[in-house]
Amino acid sequence: MKVIIVDTYQEISDKAFEIIKDIVVNKKDAVLGLATGSSPIGIYNNMIQDHKENKTDYSNVVTFNLDEYVDLPKEHKQSYYSFMNDNLFYGINVKKENIHIPTGVGVDLEKACLDYENNIGNYEIDVQILGIGSNGHIGFNEPNTPFDSTTHIVTLAEKTRLDNQRFFNDLSEVPTKAITMGIATIVKSKKIILVANGSKKKEAISRTIEGEIGLDCPATILQNHPDCTIIIDKEAASLLKNKYE
Ligand code: GLP
């Protein structure tokens, strides 16, 4: 696990973007694993600006998103489908048919999970971007999700619903279920970049980097990944005991 500690959110976004750009420039048909939440927005802004200025080409790039709420229509402002269009896809030349986001409405959910997993299996994700929940979740894999899980339906932890309430009018509007890539699906990615900022993430980050690997903090499994970079600011790093670059 490589740990990079920087001063600002912008620096987190810049460092993560450098790694992603290098992959996209060197492999025209790169497969990107994408995340939602506020943490990766800076990376997406960098991708959009760079595409505008340097014409970095995404026309053969394939994307897979980590997760989506169940029973929230695509058109809803807070669906991850809307999030990705509003924060990234509108500003780069990725082709619609190369974008994959799980569907959580109007489908046989069990079948949708299997299909999504099989579809990812047709590719290899070159780099997976991750945020982290304050309870250590990755994607929507809440504490106690088995490490060998594949794409599945989850009941969201109360903590997660409370954390995400800020995007909705009130708690009752926050969906109770989601569809998410499993932990086994995520760790199959060749490279993983996890970004986190702010003191709300300090417990989850210290456990992920320096704690024991355990089901109660899903992100701890990343300690076993051969190519995982964690990029955080000083607030998120404030409980770490060891020294990092
Ligand atoms: C959401 C997403 C995660 C994300 C996490 C943190 O629930 N499913 O993929 O990493 O919460 O979100 P934020 O970056 O807004 O703190």
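**Note on the ligand site, sheet and aromatic pairs**

1. A polar side-chain atom of Ser 39 sits 2.5 Å from an oxygen atom of the ligand, a polar contact being a pair of N or O atoms within 3.5 Å, where within protein one must be able to donate a hydrogen and the other to accept it, and residues adjacent in sequence count only if both atoms are side-chain atoms. This is a predicted model, in which local features need pLDDT of at least 70 and side-chain atom pairs count only at pLDDT 80 or more, while totals for chains, interfaces and linings use all residues. Residues are numbered from 1 along each chain as its sequence is written, and side-chain values use heavy atoms, with hydrogens and water left out.

2. Seven strands make up an open sheet with parallel pairing, in the order 1-10-9-6-2-3-5; strands are DSSP runs of E, at least two residues, and helices are runs of H or I, at least four, both numbered from the N terminus. Strand 1 (2-6) and strand 5 (99-100) each have a single partner strand, so one side of each is left without a neighbour in the sheet. Two strands pair if DSSP finds at least two bridges between them, and strand 2 (residues 31-34) pairs with strand 3 (residues 62-65) over four bridges.

3. The count of aromatic pairs comes to six, the rule being that rings of Phe, Tyr and Trp (its six-membered ring) pair if their centres lie within 6.5 Å, with planes under 30 degrees apart counted as stacked, over 60 as edge-to-face and the rest as tilted. The ring centres of Phe 64 and Tyr 123 are 5.4 Å apart and their planes stand at 65°, so this pair is edge-to-face. Phe 64 is buried, at 0% relative accessible area, whereas Tyr 123, at 35%, is partly exposed (buried means under 20%, exposed over 50%, partly exposed in between; 1.4 Å probe, protein chains only).

4. The rings of Tyr 69 and Phe 140 form a tilted pair, because their centres are 5.6 Å apart and their planes at 45°.
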